[in-house]
Amino acid sequence: MPSPEPLLKSLDALVFGASVIGPLHLQLNLPCQDACAYGISSTGSLAIAVADGLGSAFMSQIGAQLAVSSAFDPVMEALETDKCEDARLDEIVRGATVSARTALESYAKRESCNLRDLACTLILAVARKARLAIAHIGDGAVVVETGGGLSIMSSPGESEFTNEVVPITSSNWDEHLRIVSNTSPINSIAVFTDGCQRAAFRKAGDVLKPFGRFFNPIFGYARGLTDVDEGAREIVELLKSGKVCENSDDDKTLVVGVFNVG
Amino acid sequence: MGLAEQIEIGNPTQPHCATVLLLDTSGSMDGDKIARLNEALRAFKEETAADELARKRVDLAVLTFGGAVNVAQNFCSIEDFEPTTLSAGGGTPLGEAILKAADMIDQRKQQYKSQGIDYYRPWMFMITDGAPTDMRPGDGIWNDVVKRVREGEATKKFMFFAVAVEPADTDALSQIAPQNRPPVKLIGTKFKEMFQWLSKSQSKVSSSKVGEHVSIENPVAAGWGQISA
C-alpha cells in the first residue's frame, strides 16, 4: 500500500527540497542518481531522507530511491505514535537505516542482481525543536542553525577527498554508520548530498565550516515562505543554476526545514 | 531575486595562488620593526580580503623564523587568516625556513592536483633583517637552499622574493635570491607600504588567467623599496 503523502507544513514548521540531475549525468544520458523524501508528522517532528547513488553502480538510482523510501516510511510511522519519545529518536533512525539495508538486500535477491549494483549513501534526519537524531552512511552532510549560528551536525565523513565512499550496500556498512544526536534547540536544518558540498562548505586548512553566505540566504528564504511547492521549485532552480553547477557537475539534493515560522 | 543570485559558493573551484610569507622574527626584529610588521599584516589581510577575486584565490601560509621555524598559519583563504601578534626572539634559521616553505608549496600543489584545482605560480615572500644563523656560504644547507630557490624559480615552480630590512646581510641574500629577482631593500620600516604592494600584486595575479604573464609593479616605483647595490 503506498504511504499517504506526508505533510510539508505545520503550524510552526515547514520543509521543502529537491533532487536535481547534474550536468554530467545529462551529458552522459544517465538518470538522476540522487533521491529524497521529507515530511512533518502530525506530532510536529520533521523527517528528511536523502540518498546519493554511486556513479560506479549501474542501478544506483533504484538503490537511492529504495533506500530513501524504505527508511523514510517507517520513521514517519514511528513519529506518528505516542511511543516516540525524544530519547528513542536515535533508535528510530538506526532501525530505519536497517530497514533500508534489508529492503535493498530483498530487492537484489528478488531481481537477481548484485547488492553492489544498488550502492548508495543515506542520510536520515529527524528533528524536533529540541532534539535531533541523524543516521548517516557515506558522504553528504547535515548543517543546522541554532541560536549560536551554523554548525555541521553530520559531516561528509572520511571520504571527503577520495572516491572511497562506503555505501549502505557495503558488507561492513554498519561499522561506517554514524549516529548523531543533539539536544540543542534548532531553528533550521539542511540535509544535502555531496553535489552541494562545494557550495555549502568553506575549508579552513583541512577543516570544513558551513558557509554562511550559502546557508543564510536559504534559511532566510525558508522563513519567509508560505508555499512549500514554490520552495521546492526554487531549490530546483538553485541546484540547476550555473553558479552551483560550475562548481559541481554531479547530481544534487538539498532539503531544508525550518522551525518557529509563522 | 532568486536564491541562485543570493547565495555564494563556499569553496569554489577557483584557481588558487599559494603564497607563503616567510617572516623573520629573530631577536633583532624586536621593538618597532616587529610592531610595524604586525600592524602591516593585519592591514594586508583587510586589503586582500576586500578584493573579490583575491579573496577567493589567494591561499596564504605564514612561516616565522626566530629561534625556530614555526608554521604560524597553515594554508588558508585570506578570510580565514587570523593574524596573530608575532613576537621576536632568537636566531635566524633562514635556511631551514626556505626549505620548509618549498616543501609546503610542493605539498600544496599536490593537493590542488588531487582536487582538480588550477593554480597560479606560487609565491615565496621572505622578509629578514639579519643574516642566516643556520648556514654559511658553501656549507651543506646553504647549497641546498640556493639550489632549491634557483631551480624553483628557473622551472617556474614558484617565485621567490626577498626583502631586506636594515641591517640585513644583503650580500648573503643576493647569493640566495634568483638572479632575475635580486633582493629589495625596504626603505626604513615601510612594512605597511610593502604589504599594500603585495596585496595589489596578489589581486593582479588573481585577476589574470592561469599561465598568463603578470607584470608586477616595481617596488621602487611603489615607493617602499630600493634595489640593493
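Let's start at the interface. Chain A and chain B bury about 2000 Å² between them. Carbon and sulfur atoms account for 50% of that area. Three residues of chain A stand out here: R198(A), R213(A) and K243(A) supply 32% of what chain A buries against chain B, more than any other three residues. Keep in mind that this is a predicted model.

Who takes part? Chain A brings 23 residues to the contact, and chain B brings 19 residues.

Now the polar side. The rule finds four salt bridges across the interface of chain A and chain B. It also finds 10 residue pairs in polar contact there, both partners at pLDDT 80 or more. On chain A, five elements each supply at least two residues of the side that touches chain B: α5 (197–200), β10 (201–204), α6 (212–223), α7 (228–240) and α8 (242–245). The largest share of that side comes from α6(A), with five residues.

One bridge to look at: the side chains of R213(A) and E79(B) meet at 3.2 Å, N to O.

Next, F211(A). Where is F211(A) in chain A? It lies in the loop between β11 (207–210) and α6. F211(A) counts as buried because its relative accessibility is 4%, and the cut-off for buried is under 20%. What surrounds F211(A), leaving aside neighbours within four places in sequence? In chain A, the contacts are L150(A), A199(A), A200(A), F201(A) and R202(A). From chain B come E8(B), I9(B) and G10(B). F201(A) is 10 residues from F211(A) along the chain, and their C-alpha atoms are separated by 5.0 Å.

On to chain B as a whole. It has eight helices and seven strands. Of its 229 residues, 53% are buried. Take the contacts in chain B between residues at least 6 apart in sequence: 76% of them join residues at least 24 apart. Chain B exposes about 9800 Å², and carbon and sulfur atoms supply 46% of that.

Salt bridges, over all chains: the structure holds 16. A few examples.

In chain B, R148(B) and D106(B) meet at 3.1 Å, N to O. This pair links distant parts of the chain, 42 residues apart: R148(B) sits in helix α5 (residues 140–154), D106(B) in helix α4 (residues 94–115). R148(B) is partly exposed at 26% relative accessibility, and D106(B) is partly exposed at 28%.

Helix α5 of chain B has another pair. K147(B) and E151(B) both lie in it, four residues apart, about one turn of the helix. Their side chains form a salt bridge at 3.9 Å, N to O. E151(B) counts as partly exposed, at 45% relative accessibility. Then there is a network: salt bridges that share partners join R213(A), E8(B), R55(B) and E79(B).

In chain A, R88(A) and E91(A) form a salt bridge at 3.5 Å, N to O. R88(A) is partly exposed, at 30%.

Two last spots. First, N218(B), in the loop between α7 (191–206) and α8 (219–222) of chain B. A polar atom of its side chain lies 2.7 Å from the backbone nitrogen of V220(B). N218(B) is partly exposed, with a relative accessible area of 39%.

Second, the surface of chain A. L24(A), L28(A) and L30(A) make a nonpolar patch of about 230 Å². L24(A) is in helix α1 (residues 23–27). Its relative accessible area is 31%, so it is partly exposed.

Terms used:
Residues numbered from 1 in each chain as written. Chains lettered and ligands numbered in written order. Predicted model: local features only at pLDDT ≥ 70, side-chain atom pairs only at ≥ 80, totals over all residues. Heavy atoms only, no water. Patch = residues over 30% accessible without salt bridge, like charges linked within 9 Å, V, L, I, M, F, W, Y side chains within 5 Å. Areas by Shrake-Rupley, 256 points an atom, 1.4 Å probe, with all protein chains shown as cover. Buried < 20%, exposed > 50% of the residue type's maximum accessible area, 1.4 Å probe, protein only. Contact = heavy atoms within 4.5 Å. Buried area = accessible area lost by both parts, 1.4 Å probe. Polar contact = N/O pair within 3.5 Å; in protein donor to acceptor, adjacent residues only side chain to side chain.
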